[in-house]
Structures are given as structure tokens and as C-alpha cells.
Amino acid sequence: MKKTLQFFIINLLILSSFSACTSMQQTSSNSNAILSTVQGVLNNGTSEAFNLFEDSNAFMTNALIEAALPKELKDINTKLESLGLSHIVNKEKQYISQIANASITTASPIVKKAINQMTLSDAINIVSGGNGAATNYLKTKTETQLSAAIMPVVRAQTEKLGINALLSNALGSNSGTFSSVLGALMGTGTTQNTSELLNDAITQQLVEGLFNVVEDVENDTRANPSTILNSVLGTTTK
């Protein structure tokens, strides 16, 4: 409650200082401070996410990345583990971490552009919007584009790494058996392309994992608002 009140007071100070400015120079200075601070929070969050994407071990063990695992992949992994094939699950996660690394070059410019295009109005709404508001802004601006842009990378990498073959060999001796198992797990029957189902699930994990990390950084910043106060008002907390 104390931190929430503190953050509310900081918001009020920021907005009050902005509205109280009487000169164009002061207004511009405060506007830039608010905007750059909110952009900085998102830049920090996306940097942390991409650092995770670069580090295979960190990616494979991160709870926020694991939380982004779609139900389809969870069901596949549960099935594999029930068959005593946990090593296949670990190999699958290792492959997905490699795909995450390969996706950085494609994903990074998309989120950077959305952050750079943020307006002062966006920033003020984010400051007063509560936990997750900055992440929701980024998600609204980029989620569809990220998924579309990352999908070809995922498709190329799953084929290169042989994830479909890995799971096929583990769950059945032929693709028909694998399709049946995967189709049953995903509730799609056997008519859809299993490779594309896997590609969709992996793409979803990467995109949702990115936003999970960004939101975690944002909410941590809101819970420790002295850093925002220092940045916006130019003060130093001892």
C-alpha cells in the first residue's frame, strides 16, 4: 500500500510539474522527460528479454519464458514425459532456445520502432495506467506484426534443427502416428500440417515470452518508483 501511494504521489508530481509549466522551454523539457522515461522502461524490458533470447541456458530455465509455453506444447511435453522421454523435452527446449536467438534480429527493430513512435499522450496514459500499461501499449502496437515476422524464422529453424523429426521419432515410428498423437493433443484431428501447428505454438511462446519479461521489468519499476522520480525530476535518492 505504501509503495502504491508513493507511486501515485510521484505520478501526481510528474503531471503537476508538466501542467504548471509557464514557458515553452519548461513544457518541452518536462514533456521530453516523461516520454523518455516511459520509453526507457520499455527499452530496459525489451533488452532484458533479448538478453534472455541470446542465452540458451537462461532461456530454458526462465519462469517467464516457461509461463508463455502454449497449451499445445505443454500437452506434448506431458505426453513425452509420461513415456519416460524427458530427455526429448529437454532437447526440444534447447532447439526452441536456438530459435529464440535466431529471432532477435527480426523482432528487435519492430519493438524499437513502436517504442520510438510513442507520443507524449501515450506516455502520460501509461504512467497513470497501472501495472502492465506500458507492456499493453507495446503489445497492441507490435503483437500481430511480431508474430507474422517471426513465423518465417521459426519455420526455417524448425526445419533446419529437425524438431518435427525429433518429436516424430519419439512419439511414433512414422509421420502418420505422430500426426495422430499431435492432432489428438491439439484437438485438431489429423488433417492439419503438424509442422505448422508446431511453428504456431513456438512463435506464440516467443512472442508471449517477450511480453512476459517486459511486463515483469515494468512492474518491478513501478514497485520501486524512486528510479522514475530520479529520471523525470532529475533528483537523486540517497
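A contact means heavy atoms within 4.5 Å. By that cut-off, residues 24 or more positions apart account for 77% of the contacts in the protein chain with a separation of 6 or more. This is a predicted model, in which local features need pLDDT of at least 70, side-chain atom pairs count only at pLDDT 80 or more, and totals for chains, interfaces and linings use all residues. Residues are numbered from 1 along each chain as its sequence is written, and side-chain values use heavy atoms, with hydrogens and water left out.

**Overall make-up**

- The protein chain has 12 helices and 0 strands. Helices (H or I, at least four residues) and strands (E, at least two) are DSSP runs, numbered from the N terminus.
- Along the sequence, the pattern reads α-α-α-α-α-α-α-α-α-α-α-α.
- Of the 238 residues in the protein chain, 43% count as buried. Buried means under 20% relative accessible area, exposed means over 50%, and partly exposed lies in between (1.4 Å probe, protein chains only).

**Helix H6 and Ala100**

- Ala100 sits in helix H6, which spans residues 86–116. Its relative accessibility is 0%, so Ala100 counts as buried.
- Beyond its neighbours within four places in sequence, Ala100 is in contact with Phe53, Phe59 and Leu206.
- Ala100 and Gly209 are 109 residues apart in sequence, and their C-alpha atoms are 9.9 Å apart in space.

**H6 against H9**

- H6 packs with helix H9 (residues 163–171) at an angle of about 170°, and their axes are 10 Å apart. Axes are lines fitted to C-alpha atoms, for helices over the stretch in contact, and angles run from 0 to 180 degrees between N-to-C directions.
- H6 and H9 are therefore roughly antiparallel to each other. The classes are roughly parallel under 35 degrees, roughly antiparallel over 145, roughly perpendicular from 65 to 115, and oblique for the rest.
- On the H6 side, Ile88, Lys91, Glu92, Tyr95 and Ile99 take part. They meet Ile163, Leu166, Leu167 and Ala170 in H9.
- By class, this contact of H6 with H9 has 7 nonpolar, no polar and 2 charged residues. Ala, Val, Leu, Ile, Met, Phe, Trp, Tyr, Cys and Pro count as nonpolar, Asp, Glu, Lys and Arg as charged, and the others, Gly among them, as polar.

**Buried side of H7**

- Helix H7 covers residues 120–127, and its buried residues are Ala123, Ile124, Ile126 and Val127.
- They cover an arc of only 160° around the axis, which puts them on the same side of H7. The arc is that of the directions from the helix axis to the C-beta atoms.

**Salt bridges**

- The whole structure holds 5 salt bridges. A salt bridge is a side-chain nitrogen of Lys or Arg within 4 Å of a carboxyl oxygen of Asp or Glu.
- Lys71 and Asp75 form one of them, at 2.7 Å, N to O. These two residues are 4 apart in helix H5 (residues 71–82), separated by about one helical turn. Lys71 is exposed, with a relative accessible area of 57%.
- The side chains of Glu208 and Lys139 also meet in a salt bridge, at 3.4 Å, N to O. Glu208 lies in helix H11 (residues 194–223) and Lys139 in helix H8 (residues 133–161), so the pair ties together parts that are 69 residues apart in sequence. Lys139 is partly exposed, at 25% relative accessibility.
- Glu218 and Arg222 meet in a salt bridge at 3.0 Å, N to O. Both lie in H11, 4 residues apart, about one turn of the helix. Both Glu218 and Arg222 are buried.
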